[in-house]
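Here are my notes, as promised. Have the structure open while you go through the points.

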Amino acid sequence: QVQPVESGGGLVQAGASLRLSCAASGRTFSTYAVGWFRQAPGKAREFVARITSRGGNSYSADSVKGRFTISRDNAKNTVYLQMNGLKPEDTAVYYCAAGQDFTSRYDYWGHGTQVTVSS
């Protein structure tokens, strides 16, 4: 069992960059695929990006492609979401979640970190 914890959110101006981190205790975190999701006020949660357990494969939503990059450092039990060229519509609570490589289900969720982008 793992407990993901997000950090790195904040208030930035449009065009700025942020790097979110998703850290988890436990040696098994490196065996999980990790996804980033976000939820804006009044909207449904949406997928942002995903990376497999060993980092060999990753993909992201069309809305962030070319601006956001997901990566991981398994030696540090941490997954990152580098966000460049932030837009006001990126404002949301960002969550990371861990699941098995071979399924789209996520078993463990963090509590989220707020990202606010001002225009």
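**Notes on the predicted model**

1. Start with Cys22, which is buried at a relative accessible area of 1%. Keep in mind that this is a predicted model. Cys22 is joined by a disulfide to Cys96, with an S to S distance of 2.1 Å, and Cys96 is buried too, at 0%. The structure holds 1 disulfide.

2. What does that disulfide link? It connects distant parts of the chain, with Cys22 in strand β3 and Cys96 in strand β9 (residues 92-99), 74 residues apart. As for its hand, the torsion about the S-S bond is about 70°, so the disulfide is right-handed.

3. Strand β3 also belongs to an open sheet of 4 strands, in the order β1-β3-β8-β7, with antiparallel pairing. At the edges sit β1 (4-7) and β7 (68-73), each pairing on one side only. From one strand to the next, the twist averages 20°.

4. Have a look at the loop between β7 and β8 (78-83), where Asn77 is found. Asn77 has a positive phi of about 55° although it is not a glycine. Is this residue buried or exposed? Asn77 has 17% relative accessibility, so it counts as buried.

5. Now the aromatics: the count comes to 6 aromatic pairs. One of them is Phe37 with Phe47, edge-to-face at 5.8 Å centre to centre and 75° between the planes. Phe37 is in strand β4 (residues 33-39) and Phe47 in strand β5 (residues 46-51), 10 residues apart. Phe37 is buried, with a relative accessible area of 9%, whereas Phe47 is partly exposed at 25%.

6. Phe37 has another partner in Tyr106: the ring centres are 5.0 Å apart and the planes stand at 85°, so this pair is edge-to-face. Because Phe37 lies in strand β4 and Tyr106 in strand β10 (residues 106-109), the pair ties together parts that are 69 residues apart in sequence. Both Phe37 and Tyr106 are buried.

7. Which residues make up the cluster linked by ring pairs? Phe37, Phe47, Tyr59, Tyr106 and Trp109 do.

8. Finally, a pair of arginines to check. Arg45 lies over the face of Phe37, 5.8 Å from the ring centre. Arg72 lies over the face of Phe29, at 5.7 Å from the ring centre.

Note on methods
Residues numbered from 1 in each chain as written. Predicted model: local features only at pLDDT ≥ 70, side-chain atom pairs only at ≥ 80, totals over all residues. Heavy atoms only, no water. Pairing = 2+ DSSP bridges. Helix = DSSP H or I, 4+ residues; strand = E, 2+ residues; numbered from the N terminus. Axes fitted to C-alpha atoms, helices over the stretch in contact; angles between N-to-C directions. Buried < 20%, exposed > 50% of the residue type's maximum accessible area, 1.4 Å probe, protein only. Disulfide = S-S within 2.5 Å. Phe/Tyr/Trp six-rings, centres within 6.5 Å; stacked < 30°, edge-to-face > 60°. Lys NZ or Arg CZ within 6 Å of the ring centre and 35° of its normal.
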